[in-house]
Amino acid sequence: MTPATAVATAERVRSGRQSAVEITRETLARIGDDEVHGWRVLRAERALAEAAAVDGRPDRYSLPLAGVPIAVKDNVAVSGHRTLDGVSEQCGAALPAQQSDHPVVKRLRAAGAVVVGLTRVPELCLWAMTDDPSGPVDNPHRPGRTAGGSSGGSAAVVAAGHVPLAHGNDGLGSLRGPAACTGTVAIKPGRGVVPSDLGPTSWFGMAENGPITRTVGDAALGLSVLAGRPELARIGDATGLRVGLGCNRPTAVTFTAAAITRSVHGAAERLREHGHSVHEVAVPYPASPLPVLARWVAGAATDADDLIARGADPSLLQARTRRHAALGRVAIRRGLVRPADAVRIESALLRFFAAERIDVLISPALARRPVRARRYSQSPWVASVLSSLAYAPFPALWNLVGWPAMTVPFLGEGVQLIARPGGEAALLALAAEIEA
């Protein structure tokens with residue numbers, strides 16, 4: 001049985017119609033043997049104890065996530081557990097258990113959420129396909145295809161109906177890509193809206209934490225808790241927004257599937273029916289991919305070095321990870337991670353939004369159907385890079401500039417919405433109209 005939404009679940013607990021313990025037991029029964037292979041750790045006993053603590057809280061009548069069972073992506077600290085970040089048990093055997101929660105986990109717990117478990121990620125969250133040494137994560141929305149990456153485990157357990165809300169994060173599309181793969185909703189907030197603290201550099205400012213859910217209302221609720229901004233949970237009415245429809249190719253080798261283009265045009269038409277002005281635009285994607293690629297490999301280098309310093313065995317990292325990190329060290333030494341590049345590109349995008357007189361941009365989230373699910377961890381570096389870039393080239397630009405972006409399903413495909421900094425509420429409002 002598919003669980004109630006996070007909004008409805010919290011209301012049940014606040015009203016006393018159901019206890020957090022009852023909901024947690026139902027959740028664990030629903031997960032069963034984890035047929036989607038999305039969970040790295042299930043915290044059955046600890047989750048029941050946490051649920052009992054929620055039931056005993058005197059403030060449970062006001063908790064925004066009272067008793068809501070959630071998943072946490074295994075690249076942020078959850079107290080009492082090792083954060084493996086996709087490395088094998090052998091590679092991370094010497095890593096110590098976390099002594100405290102990551103700031104976003106603290107916010108979720110404070111809001112009454114119950115952490116059911118930690119979800120699988122590709123090694124160091126580097127790839128757009130999620131598998132680890134135990135095998136690939138399955139995709140309930142498209143069986144046989146990847147659930148995306150790197151928040152693929154979180155997306156899969158939400159799509160499978162295990163939990164209504166999962167934490168994830170997004171450095172090059174790692175929330176929006178999995179959501180588009182699995183028919184779920186995800187929002188990457190703008191820079192500084194939610195604490196990031198993802199590795200030593202948060203991929204040089206590109207990575208942000210955010211929610212994956214089945215509904216826009218749950219995404220708004222999750223974001224409001226993560227951001228510490230209760231007003232974001234209330235989806236307002238979007239009236240008279242100017243929407244740019246941008247389906248042009250990010251690169252010369254990008255070929256967008258016709259079904260995805262149709263879904264984006266269909267979503268844009270729905271927004272037009274809701275009274276928004278919509279016109280086609282050509283997004284000024286950068287001519288050179290170097291600013292993004294340099295941060296991708298450099299982020300791998302800083303994350304790998306941090307993991308090794310904390311006790312991971314470097315010889316047991318995947319071959320593709322070692323090569324990616326080695327390239328990143330070269331990029332750092334040569335000064336290829338240049339803040340001026342991001343400033344220049346953001347300035348061009350601000351001019352574009354102003355010149356085209358648009359408030360929100362709508363575009364594809366993926367270029368093509370997700371690639372086949374298999375053990376990419378055993379693939380050569382080139383194969384992993386090309387597979388990641390080929391089907392998910394649209395999201396990365398908005399990480400580079402730190403703008404809010406989200407994915408909402410329409411006609412079975414993922415549609416991406418982008419706004420300038422501070423535009424999270426507008427994105428949620430438009431996504432709700434597309435969902436409706």
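This is a predicted model: local features need pLDDT of at least 70, side-chain atom pairs count only at pLDDT 80 or more; totals for chains, interfaces and linings use all residues.

Modeller: Residues are numbered from 1 along each chain as its sequence is written, and side-chain values use heavy atoms, with hydrogens and water left out.

Colleague: How many salt bridges are there?

Modeller: Side chains of opposite charge can pair when their charged atoms come close. A salt bridge is counted where a side-chain nitrogen of Lys or Arg lies within 4 Å of a carboxyl oxygen of Asp or Glu. By this rule the count is 18.

Colleague: Is the side chain of D101, which meets R109 in a salt bridge, buried or exposed?

Modeller: The salt bridge between D101 and R109 has an N to O distance of 2.7 Å. Buried means under 20% relative accessible area, exposed over 50% and partly exposed in between (1.4 Å probe, protein chains only). D101 has a relative accessible area of 13%, so D101 is buried.

Colleague: Which residue forms a salt bridge with R142, and where does that residue lie?

Modeller: The closest N and O atoms of the pair R142 and E413 are 2.8 Å apart, and both residues are buried. Helices (H or I, at least four residues) and strands (E, at least two) are DSSP runs, numbered from the N terminus. R142 is in the loop between β5 (135-136) and α5 (152-159), and its partner, 271 residues apart from it, is E413 in strand β13 (residues 413-419).

Colleague: Which element gives the most to the lining of the largest pocket?

Modeller: On a 1 Å grid over the protein atoms alone, a pocket is an open set of points where a 1.4 Å probe fits, with protein on both sides within 12 Å along at least five of seven lines; lining residues have an atom within 4 Å of a point. Of the 41 residues lining the largest pocket, the closest to its centre are T251, L389, A392, P393 and A396. Elements giving two or more residues to this lining are α6 (176-182), α10 (290-309), α13 (381-391) and α14 (396-401). The element that gives the most, with five residues, is α13.

Colleague: Which element gives the most to the lining of the second largest pocket?

Modeller: Among the 28 residues lining the second largest pocket, N75, V76, D197, L198 and G199 are the closest to its centre. Two or more residues come from each of β6 (165-170) and α10. The element that gives the most, with three residues, is α10.
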